[in-house]
Amino acid sequence: MVRRLRVYLGVLLTRMKSAAHFRANVIAWVLYSPLQIAIIYLLWKIIYGTTREVGGLRFNEMILYYLVVHFLGRAMLPLQTVNYEVWSEINKGKLDIYLARPLGFGPFVFFRSLGAPTLEICLGVPFFLLFSVLLRLPIQTDPLVLAAFFLSGLLGAVVLFMIQFLIGSLTFWVEKIFGIRDLMVSLFMLFSGQLIPISALPPLVVRLSRLLPFESIFFVPAMIYRGALPHLDAAALMLQQAIWIAVLWAAAAAVWKRGVARYASQGG
Amino acid sequence: MWRRSCRLLARFALVSFHDMSVFRTDFVMSLLHNLVYQGIFLIFWKSVLAFTASRLGGWTFPELAVLTSFTLVSAAVAQWFVGLQQLSSKILDGDLDKYLCKPVSPLLALLGESVNALVSFQQLVSAGLLLTAVCLYYRVPLTLGGVAAGLAILALGCATILLIRGCVALSAFWLGDVSRISGLFEISGDFERYPINLFPGWLQGTLTWIVPVGLISTWPVLAFLGKGGPPWAWLAVGAALVLFWSLLFGEIWRRALRRYESFGG
């Protein structure tokens, strides 16, 4: 077990070292992020011109929410391509290479996909703090809340990975998964809280959201970072994230097992 | 020459259509995705308007829904020019030779090869369905003149944006990798979804003259709805921008081809 974990950590480190787009990420933070945050800031400034609260959040809290979601979104962006990587390995018949190795394909892809987000977090934290200062947003200093936020963010990333892996695994049956992927991206935008906080959505959508795993990805960590939740509520939300991971892991394992049984490749 | 080029483009479009419609499930899912994606923005506006007394700076929900469907129309047009996004990488990789030695316009050959006819069709159908549903359900008052003016501004706006993208891609002949600049352009497209006439004047000016996303979203929608004054001003702005960027694009293309060299073969 420990030996296997060392192998997976090696995969993660290799991926981090080979992340040649390090400079590109700095450019993205310097050029793109101010523009995206400016769009959000200006829009919500107009909206808050006629109201004091939206979905239980005041203007500063709303901007903080979007800043946290933006930070998480940038960190988790590389995970969004997991479905394509899995599709590519299966569709091109490269899965043989991994099946012949003494390690699991799922954990291998997971640790491989963590390399870029790890770099993105290291790079994003200073920018996150800078934007917080510039926009005069409160910076969370409670170590317990910060620890809960990072743990919740990590759990959110695992949920996202599981969903992406499941979509990719459908390649065993449907060959082309991009329609399903795009559809999931749309649902993900709404139900993860990326477009607007879940609490600001109509009651029916909020109820529907409770039945789906998406809010674990952005909404839950962002609400935890805000620090307004009682510790017990934050713990309950993280437990909910853990349950979703267990459910998605079981689903992914079942789909993978059936899929591999169907898998056939020529050549070699 | 023109007839031959059009025939070639039509054939590329047909090939792309057949190529993508082979996967039936994917076809249905993509169509569903377009509708769901727009639906999500409608939910966004519905949620926001629930807190702002049903209006956002003069925009009502049906008007914001029209704005949402217009973004899909400009996206559908862009599917015919995906080749522009690949132009810079083809220049850098020295792959432009392939198009230069063909007996048709190299630009047309390059664009034709990457046409996403089916995706464009799906987006147009989705936009049409959404627009019709919104206009009928909310009884949005439309005039023939307003609709024509809106579509004309939209066409000029799409042409301007595509020409700008073309110019950025061609700058790869001098600047090398320009994907970051193109990426920045993609992000500014986020403004498309929001009514830019609500933003400060300097930003409205930037989004009309420099990065003219206003010409594919807010301004054509206002003309379409018969709001925001006479549309002639926006038609004139659109025509002037198309003229300016076409001349610039033509000049850059001429100079770029003289500069181009590649090894191998």
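R136(A) counts as exposed because 8 C-beta neighbours lie inside 10 Å of it, and a residue is exposed if that number is 12 or fewer. This arginine is found in the loop between α6 (105-134) and α7 (143-169) of chain A. Although R136(A) is not a glycine, its phi is positive, at about 55°.

R139(B), which is not a glycine either, has a positive phi of about 50°. Its place is the loop between α7 (117-137) and α8 of chain B. R139(B) has 9 C-beta neighbours inside 10 Å and therefore counts as exposed.

A further exposed position in chain A is A261(A), which has 8 other C-beta atoms within 10 Å. This alanine belongs to helix α12 (residues 231-262) of chain A. Along the chain, A261(A) and G10(A) are 251 residues apart, and 29 Å separates their C-alpha atoms.

The model is predicted, and its confidence deserves attention before the description continues. The scores of the model are ipTM 0.82 and pTM 0.83. For chain B the mean pLDDT is 84, with 92% of the residues at 70 or more. Among the elements of this chain, helix α12 (residues 218-224) of chain B has the highest mean pLDDT, 94, whereas helix α10 (residues 179-188) of chain B has the lowest, 68.

The overall form of chain B may be considered next. Its secondary structure consists of 13 helices and zero strands. The radius of gyration of chain B is 20 Å, close to the 18 Å that the globule rule gives for 265 residues, so the chain is as compact as a globular protein of that length. Taken along the principal axes, the box filled by the C-alpha atoms of chain B is roughly 65 × 45 × 35 Å. Of the 265 residues of the chain, 41% count as buried. When contacts in chain B between residues at least 6 apart in sequence are considered, 79% of them join residues at least 24 apart.

How do two helices of this chain pack? Two packed helices are described by the angle between their axes and the distance between the axes. For helix α4 (residues 83-93) of chain B and helix α8 (residues 144-170) of chain B, the axes come within 8 Å and cross at roughly 10°. Angles under 35 degrees count as roughly parallel, and α4(B) and α8(B) are therefore roughly parallel to each other. On the side of α4(B), the contact is made by L84(B), L87(B) and S88(B), while α8(B) contributes L162(B), R165(B), G166(B), A169(B) and L170(B). By type, the residues of this contact are five nonpolar, two polar and one charged.

The last topic is the contact between the chains. Here, 31 residues of chain B meet 31 residues of chain A. On the side of chain B that touches chain A, the elements giving two or more residues are α2 (24-49) and α10 of chain B. The largest share of this side comes from α2(B), with 15 residues. The residues of the side of chain B that touches chain A comprise 19 nonpolar, eight polar and four charged. One of the contributing elements, α10 of chain B, is also the element of that chain with the lowest mean pLDDT.

Terms used. Residues are numbered from 1 along each chain as its sequence is written. Chains are lettered from A and ligands numbered from 1 in the order in which they are written. This is a predicted model: local features need pLDDT of at least 70, side-chain atom pairs count only at pLDDT 80 or more; totals for chains, interfaces and linings use all residues. pLDDT is the predictor's confidence in each residue, from 0 to 100. Helices (H or I, at least four residues) and strands (E, at least two) are DSSP runs, numbered from the N terminus. Two residues are in contact if their C-beta atoms, placed from the backbone, lie within 7 Å. Ala, Val, Leu, Ile, Met, Phe, Trp, Tyr, Cys and Pro count as nonpolar, Asp, Glu, Lys and Arg as charged, and the others, Gly among them, as polar. The radius of gyration is taken over C-alpha atoms; the globule rule is 2.2 Å times the number of residues to the power 0.38. A residue is buried if 20 or more other C-beta atoms lie within 10 Å of its own, exposed if 12 or fewer, and partly exposed in between; C-beta atoms are placed from the backbone. Axes are lines fitted to C-alpha atoms, for helices over the stretch in contact, and angles run from 0 to 180 degrees between N-to-C directions. Angles under 35 degrees count as roughly parallel, over 145 as roughly antiparallel, 65 to 115 as roughly perpendicular and the rest as oblique.
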